[in-house]
Amino acid sequence: MRQLTGLVAAGALLAGVSGCGLTSGSPMVDDVKPGSIGRGQPLKGADLTVASKEFTEQLVLGAIMGIAFQAAGADVLDRTGIQGSIGAREAVKGGDADAMYEYTGTAWITYQGNSDPIPEPDKQWEAVRAADLKNGLTWLAPSELNNTYALAMNQANFKKYGTKTLSDVAALSKSDPGAVTVCVESEFANRADGMPGMEKAYGMKLPSGSITQMDTGIIYTQVSKGSCTYGEVFTTDGRIRSMNLAVMADDKKFFPNYNVAPTVNSETLKKYPAIAGVLDPITKRLDNDVAQELNAKVDVDGEDPHAVALDWMKAEGFVKDG
């Protein structure tokens with residue numbers, strides 16, 4: 001997912017930039033016209049390139065951005081699906097692409113090298129925006145969509161134990177130690193912003209036998225079956241909804257905020273300032289419920305990410321059939 005893909009070595013970065021398709025791409029050819037956005041086609045005559053990372057949510061968001069630009073009159077080149085966080089960021093930063101949706105937590109921690117997240121989402125966005133202006137990137141207004149870590153459980157265990165917050169989980173680990181078993185990715189098990197930090201923040205210490213490491217996709221299956229009481233999840237993953245999992249609230253706000261916001265090459269934005277007005281209404285509509293719904297259409301129902309994005313843009317009235 002987006003937190004992990006940015007953690008690559010310098011050699012991998014160079015390989016990614018040279019081999020991730022930054023010189024390729026295909027035109028977006030959606031037959032759309034303005035709905036509630038893009039009226040007057042303020043981007044008519046613009047040639048814009050949209051980028052994204054390679055996982056489901058990013059592919060959908062990249063398509064949403066490209067469709068919006070088309071409705072506003074631009075010709076759009078599709079360079080979504082770039083491998084790794086840094087490769088996609090470098091494409092926008094270096095001018096090989098013009099814009100993408102990015103996560104504030106990834107920028108603050110992975111790109112800008114900070115170790116401590118800023119608890120308030122808006123303040124973290126402001127800090128990220130200020131730091132990236134000197135990198136030639138401008139962050140537009142953020143969304144409520146926050147693709148961060150969480151623990152989740154199935155409904156049977158939720159009814160049995162009744163935990164709603166991570167503080168509740170910590171209390172249960174003391175009152176009934178055998179009840180708290182957790183399935184996590186190997187990286188989450190060892191990261192400071194993962195299991196060790198979470199245990200410290202919430203005052204719990206689980207025995208090693210209560211923690212099982214496995215691949216991301218398997219975690220959801222095992223938690224759904226009840227093989228683990230709790231599993232590490234990403235808060236916008238479509239499988240949360242499709243498997244009807246209960247997500248524990250991070251009541252002490254330990255996990256970093258990963259709010260989505262458009263990042264635009266600053267020179268592009270100077271040339272086409274209307275980009276902000278085109279994207280703002282869409283970004284304001286994005287939240288975790290929307291993301292879970294759209295991600296599930298791809299990951300659970302097997303639909304094409306671009307088709308999912310187009311259907312949503314039409315259903316929301318942002319664009320109309322051309």
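The structure is a predicted model, in which local features need pLDDT of at least 70 and side-chain atom pairs count only at pLDDT 80 or more, whereas totals for chains, interfaces and linings use all residues. Residues are numbered from 1 along each chain as its sequence is written, and side-chain values use heavy atoms, with hydrogens and water left out.

A disulfide is a covalent bond between the sulfur atoms of two cysteines. Here the term is applied to a pair of cysteine sulfur atoms within 2.5 Å, and by this rule the count comes to one disulfide. The bond joins Cys-183 to Cys-228, with an S to S distance of 1.5 Å. Cys-183 belongs to strand 8 (residues 182–184), while Cys-228 sits in the loop between helix 11 (216–225) and strand 10 (230–234), so the pair ties together parts that are 45 residues apart in sequence. Helices (H or I, at least four residues) and strands (E, at least two) are DSSP runs, numbered from the N terminus. Burial is judged by relative accessible area: buried means under 20%, exposed over 50%, and partly exposed in between (1.4 Å probe, protein chains only). The areas come from the Shrake-Rupley method with a 1.4 Å probe, and for residues only the protein chains shown count as cover. Cys-183 is buried, with a relative accessible area of 0%, and Cys-228 is buried as well, with a value of 5%.

Side chains of opposite charge can pair when their charged atoms come close. A salt bridge is defined as a side-chain nitrogen of Lys or Arg within 4 Å of a carboxyl oxygen of Asp or Glu. A search of the whole structure finds seven salt bridges. One of them is formed by Lys-53 and Glu-102, whose closest N and O atoms are 2.6 Å apart. This pair links distant parts of the chain, with Lys-53 in strand 3 (residues 47–53) and Glu-102 in strand 5 (residues 99–103), 49 residues apart. Both Lys-53 and Glu-102 are buried.

A further salt bridge brings together the side chains of Asp-132 and Arg-89 (2.7 Å, N to O). Asp-132 lies in helix 6 (residues 121–133) and Arg-89 in helix 4 (residues 85–94), so the pair ties together parts that are 43 residues apart in sequence. Asp-132 is buried at 0% relative accessible area, and Arg-89 is buried at 8%. Arg-239 and Asp-237 also form a salt bridge, their closest N and O atoms being 2.8 Å apart; Asp-237 counts as buried, at 4% relative accessibility.

Helix 4, which holds Arg-89, has seven of its 10 residues buried, so it is largely enclosed by the rest of the structure. Among the buried residues of helix 4 are Ser-85, Ile-86 and Val-92. The helix is followed by Gly-95, whose phi is positive, near 90°.

Asn-257 occupies the loop between strand 11 (246–247) and strand 12 (260–265), and this residue is buried, with a relative accessible area of 11%. Asn-257 and Tyr-103 are 154 residues apart in sequence, yet their C-alpha atoms are 8.4 Å apart in space.

On the surface, Asp-301, Glu-303, Asp-304 and Asp-311 gather in a patch of negative charge. Glu-303 is placed in the loop between helix 15 (288–299) and helix 16 (305–315), and counts as partly exposed, at 32% relative accessibility. Patches are made of residues with over 30% relative accessible area and no salt bridge, like charges being joined within 9 Å and nonpolar side chains (Val, Leu, Ile, Met, Phe, Trp, Tyr) within 5 Å. Lys and Arg count as positive and Asp and Glu as negative, while His and the chain ends are not counted; the place of a charge is taken as NZ of Lys, CZ of Arg, CG of Asp or CD of Glu.
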